[in-house]
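Hi there,

Here is the structure I promised to pass on. My notes on its pockets follow below.

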Amino acid sequence: MATNLTAAANLPPLPAYTLTEAPDVISWFPDFYLSAIAPVIAYWVVSGIFHFIDVYDLFPQYRLHTPAEIAQRNRATRFEVFRDVIIQQIIQIGMAVVLGYTDPPQLTGQEDYDVAVWATRVRLAQRAVPAILGLVGINAATISKNMAISHPLLAGALAGGYYPFLSTGLDAADGTLVPTFATWELMVAKAIYYFVIPAFQFLIAVSALDTWQYFLHRGMHMNKWLYTKFHSRHHRLYVPYAYGALYNHPFEGFLLDTLGAGLAYKIAGMSVKQGIAFFICSTIKTVDDHCGYALPWDPLQHISGNNATYHDIHHQSWGIKTNFSQPFFTFWDRVLGTIWKGDTSLKYERARISAANSLEAEAKKNSAKAQ
């Protein structure tokens, strides 16, 4: 149908193509397995970096909480957190395998054809230029004629996409000139195909994931049974740290994170390679939101207002019914009025002092027992 359309409209013909199996991102490691393993590797690499910073207290000036708070306020041990994260990641890998089996075969070879389709749309869109300029009193045909020699491409665009001087040679069948696209048309088409469309798909996936997580997350706070049975486990970490990002009840972890990301991937119509990038990005963002640091050079802290400082408020007893949005943007909190408002500095200072006093009292008690 597309070929007939281009021929009837005297447009450049669409190229033929042959589909072949697309190569894997890593030649010796199938994308099927990479989509399952890559987010897990990303999780522990980024978490490991933050854990190293924690252990050696490299940037105390950017900590949201003191080491004393981590020791005194959290209600889950490091081992319990590690264990539950591993359980969730096993479930996550299983989900990735299911998604892999439902994906169609990844093929390549059609890219030039698809670019040509978009170039055809760009050419057809130019047909409206004379009429649009005519609405504001500009005679596009006259201007086009005057600049036909000095600026032929611009003249062709003003004439409604008329480029009689562009051709690739003679048609083998009837000997007529075969029209071709202008360089700028192909550049625009490639930009749309390789950048605009993938960016739009990523935006859809991000929006879908944020929407899914906001309403499910909020529901688990508003419903007492759901909170007590499932979500309260995550809030045993009053002082979040990086590798505790996926510390959840297994059912909640599957529903909130694993299923949510899988649905977002499917809704956006991503390819396997796009999905790998999306899963890695959402994983790293989730870890970063729980890192416990407001690092000024961390780009993820500045992409949106939804960062470690923002999410940390949600982990405090006084902010637990606010800042439900995660992991990318704060849109739903702002629209539905659940964003935290007010100063937090005094509340954080009181928590630091209380934790320090508790740690000091515990040390004195242990010293007395030793004597």
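What volume does the largest pocket have? The largest pocket comes to about 730 Å³. A pocket here is an open set of points on a 1 Å grid over the protein atoms alone, where a 1.4 Å probe fits, with protein on both sides within 12 Å along at least five of seven lines; lining residues have an atom within 4 Å of a point. Points are joined across faces, edges and corners, and the volume is the space filled by probe spheres set on them.

Please keep in mind that this is a predicted model: local features need pLDDT of at least 70, side-chain atom pairs count only at pLDDT 80 or more, and totals for chains, interfaces and linings use all residues. Residues are numbered from 1 along each chain as its sequence is written, and side-chain values use heavy atoms, with hydrogens and water left out.

The largest pocket is lined by 24 residues, and Leu107, Glu111, Tyr193, Ser271 and Gln274 are the closest to its centre. Two or more lining residues come from each of β2 (107-108), α5 (111-125), α9 (183-222) and α12 (272-289); helices (H or I, at least four residues) and strands (E, at least two) are DSSP runs, numbered from the N terminus. The largest share, 5 residues, belongs to α9.

The second largest pocket holds about 340 Å³ of space. Among its 21 lining residues, Asp31, Phe32, Pro104, Gln106 and Val272 are the closest to the centre. Here α12 gives the largest share, 5 residues, while α2 (31-55) and α4 (78-102) each supply at least two.

Happy browsing!
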